[in-house]
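Subject: The model we talked about

Hi,

Here is the structure I promised to pass on.

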Amino acid sequence: MLSASPDPAALRRLLATRFPGAHTWGESTAPPPAPAFATGLPAIDDATGGGLPLGALTEIVCPAPSCGGQLLLGQLLAAARRAHRRVALVDAFDTFDPASFGDDALAHLVWVRGHGDLPAALSATDLLARDGNLGLVLLDVRAASLAALRRSPAPLWYRLQRAAETAQLPLVVHSPRAFVPSARLRLELNQQRHTLADLATARPSLAMALAPTLRRQRLNLAETA
Amino acid sequence: MFAVLHLADFPLHAILRTAPDLAAKPVAILASPRARASLLALTAAARAAGVTLGLTAPQALARCAALTLRLPDPAAESEASAALLAAARLLSPTVETTAPGVVTADLRALPADRHDPLLTAALTQLAALALPATAALAPTPLLALYAARQLPIPPFRPSALLPFPARLRRVTDPRAFLAPLPLATAEPPPHLVPILAGWGITTLGQLTALPKADIAQRLGPAGLALWERAAGETTRPLTPAPLPVAFAARLELEEPIETLEPLLFLLRRYLDRLALELRTAGLAAATLTLTLPLEDETEHTRTFRLPEPTASADLLYRTLDAYLGTLRTTTAVTGLRLHLEPTRPLARQPGLFDAALRDPHAFASTLAATAALLGPDRVGTPQLLNTHGPDAFTLTSPAALVPPAPAEILPPLGLPLRRFRPPRPATIELTNHAPGYVWTPDCEGAVSDHRGPWHTNGEWWTHADAWTREEWDVALADGGLYRLFRTPAGWWLEGEYD
């Protein structure tokens, strides 16, 4: 019998007791694994069970300077090229450096250079996510202030999630703090401490050494990319 | 067999095609601007008000005060004629502009079972272009013309579509078809009309019942020709119309347009016709040029290079719609000109591993919409410029095909740079001629390690653009690797190695 003001957790337990079949995943009713986009980085692909989820938002949090955010972005560009996917990078604060990668590595990239206007960048991301010709969409808002991020309405992020679902593409957001409410996967780059000696190290080695922390994962993944 | 596509009340329908709001109103077309000119064509509303063909303008206005009188519009008639001709080319490569609103096609090389489907397709296409034409099929061009003229005029709708039998007629027995028709059908010479009337001849059958030799003897060559027309014995070769070499349209507006919707409507009408012409000519549009003359006597011109050649009116319209939605002019639009540059349709087989676009036109629309949000020079694929200058690149249109990445001989070194654009001014405290402490809007701290300086310069041969800088890579004690550079103007923070 329920109390006058039922505790939600107690209510769930009661429902689970009364209707066990509707609230437990048996082997035959387990949700199918969601497809994934392999990044080529074992630290991510192994931790997530396949890579970045298709049809979902992934947030990569880069809270510290020189934590490897651009390195990871470059790795995603390379992985997309290997997978014959076109990429759109919505660079909200115009921080991308083409000279760091070279023409051959960027032939599949559509670079959208923002002016620091976060709503315009989100609108551009929405347009590109719905296009149907792209295999990966990246949104870089790392230079946004916390105030600007807090002002961005949550429905906009859920709209992006739905756009990614419809197009079944991975949509990756690079942010300075964890704030994307609709992110199905959240990784945080916080533990790497690069030195000037790394500027003379082969980039693939640096990428392989990235060790992002898995902060959120809401889907089971199966590698398909 | 010959087919005729006939657009009755041609001057009226040519105007209604671009001004459909007049169709429901009482409108009449005058033959000329002269005072005693008679009416050529009427809308149904004008007929219902008691106006009839042949009246003069004052007589017509006396019967219907709300009557709108218009003169024939040569530009609209030219546009409608081009549409009729393009639809006729769906039937046969040999087509003739027989008269205003009449096009004849030679179907003798076409199997008989293909006649009806192709004619239906041509009529459907014309209906989609707001041209309610009728069609007839007969052994000679003249018979086909007579048959097409006998069909009832379909009511005008912006995209009318009547059941097939009402708009198509096939003449299988010329004599039986011609016999009951009035004598005026064969267009008798004026001097023979009273003679034949005196003989009591009112139908073509009555005329052809008389011996041909006697008619020739009594009425001369004109009478013989009339008899042959009445008997359906007249045949002639068609004068083929040349294929269009230019795919263009122009319109001078009577009233300037200030809003988008009427302009888009007109553009769609013209694009439908131009796209049909391209398709029937086996061509596609490579570029689309739109020119809008404005009220202040200037012109706004924009050329669109299409991602792939296309003859689809929908894709061409979408290109214009996306652009015009963001266009703002200082004065109203007084006309329009469209020009499509024709080319062979694209026929390519991409490589098995090339990343091609699924829908190039949708992609172009997306990029156009994104550029409208952020600026035309802010979207594209980056390409480095052949210079040692810093941050030197240009944005190009994304390639239609992206080849597989070449094998990497030497991997790149180091962390990529995350740039600050523009570079941030920095205040540097030097220690032993090297940066010891850094103050910038983005970071601050003591320098724990540094590399440099590297001196670079360029454009020294062009004094105005000459540059020189001294670069340093620094690591701050609190974390972060940065690139600094010094110019004669001071210290700057170029970016963060990330």
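Below are my notes on what was found, grouped by region.

First, the ground rules. This is a predicted model, so local features need pLDDT of at least 70 and side-chain atom pairs count only at pLDDT 80 or more, while totals for chains, interfaces and linings use all residues. Residues are numbered from 1 along each chain as its sequence is written, chains are lettered from A and ligands numbered from 1 in the order in which they are written, and side-chain values use heavy atoms, with hydrogens and water left out.

**Chain A in outline**

Chain A has seven helices and ten strands; helices (H or I, at least four residues) and strands (E, at least two) are DSSP runs, numbered from the N terminus. Of its 225 residues, 53% are buried. Here buried means under 20% relative accessible area, exposed means over 50%, and partly exposed is in between, with a 1.4 Å probe and protein chains only. The accessible surface of chain A is about 9,600 Å², and carbon and sulfur atoms account for 55% of that (Shrake-Rupley method, 1.4 Å probe; for residues, only the protein chains shown count as cover). Taking contacts in chain A between residues at least 6 apart in sequence, 74% join residues at least 24 apart, where contact means heavy atoms within 4.5 Å.

**Helix 4 of chain B**

Eleven of the 15 residues are buried, so helix 4 of chain B is largely enclosed by the rest of the structure. Among the buried ones are B:Glu77 and B:Glu79, along with B:Leu84 and B:Leu85. At the start of the helix, a side-chain oxygen of B:Asp73 comes within 3.1 Å of the backbone nitrogen of B:Ala75.

Strand 20 (residues 467-476) of chain B has eight of its ten residues buried, so the rest of the structure largely encloses it. Strand 20 pairs with strand 19 (residues 444-458) in the antiparallel sense over nine bridges; two strands pair if DSSP finds at least two bridges between them. Strand 20 also runs antiparallel to strand 21 (residues 481-487), joined by six bridges. Strands 20 and 21 form a hairpin with four residues between them, and B:Gly479 in that turn has a positive phi of about 110°.

**Backbone details in chain B**

One runs from B:Arg421 to B:Pro422, with omega near -5°, and B:Pro422 is in strand 17 (residues 417-431). Another joins B:Gly452 and B:Pro453, with omega about 5°; B:Pro453 lies in strand 19.

B:Ala130 is not a glycine, yet has a positive phi of about 60°. At 1% relative accessibility, B:Ala130 is buried. B:Glu297 also has a positive phi, near 70°, but counts as exposed at 77% relative accessibility. B:Glu297 sits in the loop between strand 10 (284-293) and strand 11 (299-310) of chain B.

**Salt bridges**

How many salt bridges are there over all chains? The count comes to 35, a salt bridge being a side-chain nitrogen of Lys or Arg within 4 Å of a carboxyl oxygen of Asp or Glu. In one of them, B:Arg108 meets B:Asp106 at 2.8 Å, N to O; B:Arg108 is exposed at 58%, whereas B:Asp106 is buried at 15%.

B:Arg419 forms another with B:Asp391, their closest N and O atoms being 3.4 Å apart. B:Arg419 lies in strand 17 and B:Asp391 in the loop between strand 14 (379-384) and strand 15 (393-396) of chain B, so the pair ties together parts that are 28 residues apart in sequence. B:Arg419 is buried at 6% relative accessibility, and B:Asp391 is partly exposed at 26%.

B:Arg469 and B:Glu471 form a salt bridge too, at 2.8 Å between the closest N and O atoms, and both residues are buried. B:Asp391, B:Arg419, B:Arg469 and B:Glu471 belong to a network of salt bridges that also includes A:Asp94, A:Asp97 and A:Arg113.

Conventions
Polar contact = N/O pair within 3.5 Å; in protein donor to acceptor, adjacent residues only side chain to side chain.
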